[in-house]
Each structure stands twice: as structure tokens, then as C-alpha cells.
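Subject: Structure for your review

Dear colleague,

Please find the structure below, handed over for your records.

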Amino acid sequence: MWKVIIRRLLIMIPQLFILSVMVFMLAKMMPGDPFGGLIGPNTDPKQIEALREAAGLNDPWWQQYINWIQNAFHGDFGMSYTMKQPVTTLIGSRMVNTFWLSLLAMILTYLLAIPMAISAARREGSWWDRVLLIYNSVTFGIPAYVVYLLFIFIFGFTLGWFPTGGTVSPSATGFFPVLMSKIYHMILPAVTMALLGTTAIFTYLRSGILDEQGQDYVKTARAKGVTENRVFSRHILRNALLPIAANFGFVITGLLGGAIFAETIFGYPGLGQLFITAITSRDYSVITALILFNGLLALFGAMLSDIIMAIVDPRIRIE
Amino acid sequence: MSKGKWIAGLTVAAVVLGGGAYAYHASQNNSTGSDGKVGDLNIAYKNDKSVKKGGNLNVAYETDVPFKAQFESGLSDDNTMSTMAGPSGGALFNIDSEFNIKKGGPADIEFDRDDKTATITLRDNLKWSDGKPVTAKDYEFGYEIIANPEYGSSRWSDSLANIEGMEEYHKGKAKDISGITFPDGEDGKKIVLKFKENKPGFKHSGNGYFLESASPYHYLKDVEPKKLASDPKTTTKPLVYGAFKPEKVVSGESIYYTRNEHYWGKKPNLDSITYTTVDPSKTVASLKSGKYDIVNQPAASIYPQVKKLDNVEITGQQQLYISLLNFNLGHYDTKKSENVQDRDTPLQDKRVRQAIGYARNVDAVNDKFNNGLQTRANTLIPPVFSDYTAKDVKGYPEDIDKANKLLDDAGWKWDKDHEFREKDGKRLELTYMARQSDGNSEAIAKNYMQQWKKIGADVKLYKGRLTDFNTYVQITSAPESGDWDITDAAWSLSSDPSQVDLFGKGAQYNSGHFTSPELTKKLNKIDSPDIKNDKERAEAFKDYQEYMNDEAYVIPTSFRTDYTPVNKRVANWTMDYGESEGWSKLGVTADKAEK
């Protein structure tokens, strides 16, 4: 398997290279530049032009690309034009927020979706199954931002149970109060994301269980007198979980992708919000680094999923 | 020569236009009254209840973009941050309500016209929040940060080059700034600035000819210039000399201020201030639930909802802002660094420009879309500059008959269907680059196009659609003449109202590229060292405004007012530009905000 992993990693290099060229070129094609937003009181247009020149933005795009890729090889993705911080520092600080929020949301999603799918499948056709099917159809169909706003309004403003923005209370000091404040700020967005994010897992798992229930090996196990609980947990569920496991690689890498809508509406400064801000302010260095990072995550996710499948399903071998 | 002091703010304009309009009942009352009102809004909210000792005030700045924490003014270019840094002070000089520098602040300034010098005296008890005194070197260090390209400041402008030796320092030809000296040494409290020439704008704050803040040299001197902008010493752990010091800064989210025990002035009423950002979609709910005591600069579009809240008082202030209609008349010659008015367009005839102006129904648009909070501008200088604004200039109110007559006189005749006007076989066709700002942008643009059709002008939208902000900036700031004829512009203005950087012959921000020897003369006169007193300068301003009104190089569109909702537990809140100790006077009358 190691050979396969190394081969997959090597294939990633040209893939990332092509992605980086495309992203860089497309970013430069967008109208405007990061210094357009500087026009304002106390800013001399000559100084804006001087900053533009110093940043190399007047060079042809391919020359800018070569400079950028050379630095990127050394781990230097440049400075954010608008935030005036090294891109790696900026992304690093936002990544922490995104990671913990996404992790909590993911755990809550699995904790909700798996029991829902099991209970629905085991009572197929019952009112409970229908309720869960309707719930998942509704949460899949409804625009997420509407629910986000509704939950902020109800639980943030009306009931006042949760904060309505930010990652930490401004006045919190000391390790423990800051930690608790950070968790407190994550609860509402994470729970809301989890409540809206169960559909895929629920659907895969429910239909997986229903498919497996009719398989010959299940009938054989029952004929042998194996208890129903044992049949379900040892045979049906284990096989039904395979599609979920296959998707897990993408889920793990997706933790760092950033939830654009949720972060923007909950005012939670993570990578998703940073991406939107970078695009509107034409912060090229941040845009290219983030897209490249997401591309890398997608490639790693695919590889991880294949590896997980090979581990959990003995029938599958990566060649 | 660009002086960078008035330079108009397209960025701000984007926010402005994006947010719609701001409150301003100037149709009833076009200036700040002696009763402390702007239109129907009070400038201040005093609160008759007794002020509690201590307490925390929750303030929010409305924005959907995380702010960039940067307390060093020479390195900050973020409007949100400059507002959120308010409690930590920053301005060295106190000003009156019309931005004239006055005595009694952290520092005083005196000018010697004969010697062309200014002497700045820092208060003896002016200290940084670490207890160290603010020194003459600290004041000079601010210039180093802006003028030394190594720091990457965007604040350098030719105005600063009026200080002797500044340009040489900026270009790396000198190690020190020869025009800045310290009579009592670097650790003293006196600084003398030597200018190349006197400027009438010296007396105004925000004139751009000298700095109005200091930077803690002892704290920052060891930071590598390139890294200063991202160093915690300027971002999350800064030194300040205002009433409050930042205790905890969560970049992009919030600043928690506590009292600065080394503050030179009156001890603040409040114990602390929590300053955060609030997304526009949450402003009304936040105010209603008492989450915030004060919300800075909420969008005009939510004004009707804010007005209905029982737990807040709304205060208002005229904004340093003007929106206008721009005509494309030429290009910018980059070799000569000057505008050339050479475009082949019917708009070269001032009667056509005037007709376009008279055809617009700005009052109706303001009534319909701007919640009665914005008013038609009669001239280019906002009424907040009561000495300089030309009250008698009428501007361009809707007058279709007058517009038609102007086009008749200019030789533009109706076609046989009486649909459009023609001249020498060519139809009066114009391209309107209307900005995409908010949900009302398209309706407003189409309304104006209908109005122009009434006078026989065939006006089409640029590329058949509204233009986004980035594309707009790219097109209007390009030196070559774009293929648009008319566009909207909006400028955020500095507190010295000279407009040479906007409309001067050499001004790069002059995106209409109009120019004339007479205009150059009138603009230069406003900033001329020969101006002896304020009366002369006021005359020069009025002369300039009358000329611009007659020539219609641009048509002023609207003035507007900022409004700020304040919870009823807040005491001593004011939006008066001349209030220099507002943060230390602020207080609360109850433990919790009213809901």
C-alpha cells in the first residue's frame, strides 16, 4: 500500500501545479486589485501606485506567478495585501477557529445522524421513520442561511442563551475562562450546522441498512439462530457503515475547508469568512493560498478515503 | 501636485452607496442648528438620570468584514479600525465643531507665519499607557513610519513634503528629517516643524501638512520596519495615551478597553468598554435585545426599523461626504501628470451637462429610497463647513423645461418622432456607468435614465448592466478615457475642505479629467500662501463653488448624515466633531442596557 500512497502523492504535484497556475491566472483576471480599496482620505494616488509597484502587481502575471511559486516552495505564501500579515500566519490563526468549529459540528452531526438512520431503518415505514425522512428532506432543502439567522434570532437575541458573534468573549482572560468562552461561542453554530448536516449520513446509512437486511448472509445468520441484535450490530450495521467510512476521508479534510455561510452569518472568523473577505478585497495572496490549500485537502481527502476503504473492507485492495 | 488631504474615498463611497443613504433632513434645515440638531436628530444624548460610577459599555461597529487590528495610525488604512480605536485616543490636538485646531488637548500647536514654522508643545503629563512620557521623538517617529518606504505605509502624500527635508528623507537621500527639530532634545516636549511655505489649511485638523498623532519610539524602535505592521506591539499589545487602553484585542472581532491610569485628562466614568463588530443583518435585533449600547454607522436601509425601537435614542451628525454625477471629458496624461480635456463627446458643451443635471429628480429619489435621510446637494462643499459652503448656489434641482431649453439652445433638435434629440445627424447617445451598491441601485439608475429620456437623451447602461465596485475603480482610475459618458461618484472628505486633489489639473482622482486655467487658478487660490485670513479663504471657496456650479463639470447629488442609535441607559453621548473628551465623559445610568 505504501507504494500506492507514494504514487498518489507524486501525482498530486502536477495536479497542484496546474491548479496553482489556473487559480493565479483567474485571480489576476478579476477586476480591481487589493490597493483599489485604499483610495480614500489621506491616501495619495501616487503612494497607492508606489505600493502597487513595490508589491510587483505591475509585472506580467507569469512573472508574478514565478515569484510567488518560488517563495511558496519555501513555505512563504507572501503577505496579505489588506490584512498586512504573513499569509501563513493569517490562515493559521483562522484555521484553528475553523478546525474546532468544524470538528464539533462533525461530531454532533454523526451523533445525530447515525442513531437517526438506525432507528429509522429498524422501523421502516413507521411514523417515526417518516418523521425522520421528512426532517432530513426539509433540512436538506431549506437554505442553511435562513436557519442560521432564525437560530441566532431565537437562541441568541430572544432567549439570550448564546453569543451572536465572535469566537471568544472580549473580556475573558486566563486559560480556563478563555477555553470555556470559546466552547460557548461554538455551541450555537456547531449545533445548527449539525442539525442541518445529517441528510447525507442519514440517507446513506438508512438505505445501506435496508439493503443489507435482505442479503443472503443475513438470512443465513438468522437461520443459524443468531440473535437479532447480534445480526444487526455484527453483520448489517458493519456493512452498512462502509459508504460512511468511504466518505470519511473527505469529511476529515473538509474540517479545514471552512464553512462559508455559517462563519459569515454567525460572525465566526474562520477560513470560510477569510475566503469571502479576500475575494471582495482582491487579496490575491490569500485567495491563491486558500484555493491551493483547499485543492490539497480535496486530493488528500480522496486518498484518505481510498485508504480507509481498503482498511475497513477486506474485499477492496488498492493496486 | 497631489496633496492627499481631501482625497475622496471610493472605498468609503462603496460602503456608503452599498448601505444606501444616511439620515439628513437638510431639506428642512441644511446645517447644524444652534439647538444642537441636524434635521430632526439631536447631535447629543445627555440623559437626565444620574450617571453610575464605573460599568461597562458595549459598543459595536456595523460591518460584515473583520477589522484589521492596527493601532499605529501611520500603518492603518481601515475605517473600521480607526473608529474602533477611538477610546484609546490618538489625536494630539483638540478641535472645535468645524475642525479648527484649538488649545487644551494632549498637545498645542502655534504657527509663526514669518518664520514658516509650527511649534508643537506636548503636555507635561502626557504619558503612554506604560507610564513613560510621550516625547518629542515619539512625535517625530510618526513621520519616520510614514515617510520611510520600508514600513510600507500608504499614508505618504506630497502634502508632507511641505516640511523641509521630508522629501529627501522619503527618497532615502537623508538620514534625518531636517525640518523637524527638538529645542529641548528628543526626550523633551517641544517640536518645531519648518515648512517650505505657509498654507491656509494649517488651522484645520486633517489638513495633511503635519501629523496629529505620536508613536511610542521606545516601544517600537527595535521592531524591524517591514514587520511593524504585523507586530503585536502595533496590533494587539499597543501603547496608547487616550482615556482607555486596549486590554484584550481579538483581531477581526473585538477590543476590550479598560481605564488608562496614566491618562492625562479627566478620569473616565466607565470602567471598561467592549468594542465589537456587528454584522448588518444583526444590528436591529442586537439593539432591541440590549446587546449593544451604541452601534456606530448602521446602514441607512435599516433606519426605519431602528426608529421604531423604544429602548434607543437616535443621534445624528452631518457627514463629511458628497456624492456627485461625473462626466467623462478626457484622459490623464501620465507623462505630464495632468488631466487633458480632449474627449470627443457632446458633454464638452456645458449646456448639455447642465441639461443632464436639471433632468435628474434627486429630491424624489431621496424621498423614495433614502428614508428622508439624504438630501440633494446644492454645491460641492458640505454644509458642515458653514464658513465655506456656498449656501446661495442653487445646484441642479429637477427642471425638465429648463433642461429642454438648454438642449434647444445647444442645437440638439428633437427627431421626427419626438423621441430623441439629434445634432448634425447624430443622436444624443450617452453611456451611463451606474454603480451596483444596494438593492435600490438598479431602480435608481433606471429612474434617471427615464428622466434623461424626457429631455431626448438616449442613455444606455454601461455594458447593459450595473457596474461592481472593483470594476468601477479599475475603469475610473485608469489614465485613458473609458467608454463611459456619465457615472456616479461619492467621496468621503477630509476635515480640510480644499478640493485640489479631487478636481485639480494634476489630480489623479479627477476621473472626469476636466480642467481649465480658470479652475486651476481658483483651486490654487484656496490653498495659496497669500491667503491672509479665513474671510479671504471663504471667498475663494465660494468663488470656486460658483464656477463649478456654472460650468457643471460635475453635478452634486447628495449630502447625508450619519446616525447612531444609543441605548437609553447611556449618558453624555455626543456626535459633535468638536468633543475631544467624549470617551471619558461617557457613562451609564443602569447596570444593564434597556430592552
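The second largest pocket holds about 1000 Å³ of space. On a 1 Å grid over the protein atoms alone, a pocket is an open set of points with protein on both sides within 12 Å along at least five of seven lines, while a cavity is a set of points where a 1.4 Å probe fits but cannot get out; lining residues have an atom within 4 Å of a point. Grid points are joined across faces, edges and corners, and a volume is the space filled by probe spheres set on the points. The pocket is lined by 48 residues, and those closest to its centre are Pro163(A), Thr164(A), Asn58(B), Lys291(B) and Tyr292(B). Two or more lining residues come from each of helix 6 (144–158) and helix 7 (175–196) of chain A, and from each of strand 4 (56–62), strand 12 (254–259) and strand 13 (272–278) of chain B. Strand 13 of chain B contributes the most, with four residues. Helices (H or I, at least four residues) and strands (E, at least two) are DSSP runs, numbered from the N terminus. By class, this lining has 15 nonpolar, 24 polar and nine charged residues; Ala, Val, Leu, Ile, Met, Phe, Trp, Tyr, Cys and Pro count as nonpolar, Asp, Glu, Lys and Arg as charged, and the others, Gly among them, as polar.

Please note that this is a predicted model, in which local features need pLDDT of at least 70 and side-chain atom pairs count only at pLDDT 80 or more, whereas totals for chains, interfaces and linings use all residues. Residues are numbered from 1 along each chain as its sequence is written, chains are lettered from A and ligands numbered from 1 in the order in which they are written, and side-chain values use heavy atoms, with hydrogens and water left out.

Of its 14 lining residues, Met83(A), Lys84(A), Lys68(B), Ala69(B) and Gln70(B) are the closest to its centre.

Chain A has 14 helices and zero strands. Its C-alpha atoms fill a box of roughly 85 × 55 × 40 Å, taken along the principal axes.

Helix 4 (residues 87–122) of chain A and helix 5 (residues 127–141) of chain A pack at about 135°, with their axes 8 Å apart; axes are lines fitted to C-alpha atoms, for helices over the stretch in contact, and angles run from 0 to 180 degrees between N-to-C directions. Helix 4 of chain A is therefore oblique to helix 5 of chain A (under 35 degrees counts as roughly parallel, over 145 as roughly antiparallel, 65 to 115 as roughly perpendicular and the rest as oblique). Met116(A), Ser119(A) and Ala120(A) of helix 4 of chain A meet Trp128(A), Asp129(A), Leu132(A), Tyr135(A) and Asn136(A) of helix 5 of chain A, where contact means heavy atoms within 4.5 Å.

The axes of helix 8 (residues 199–213) of chain A and helix 10 (residues 228–240) of chain A come within 8 Å and cross at roughly 125°. These two helices are therefore oblique to each other.

Helix 10 of chain A also packs with helix 11 (residues 242–254) of chain A, their axes coming within 4 Å and crossing at roughly 40°.

Yours sincerely
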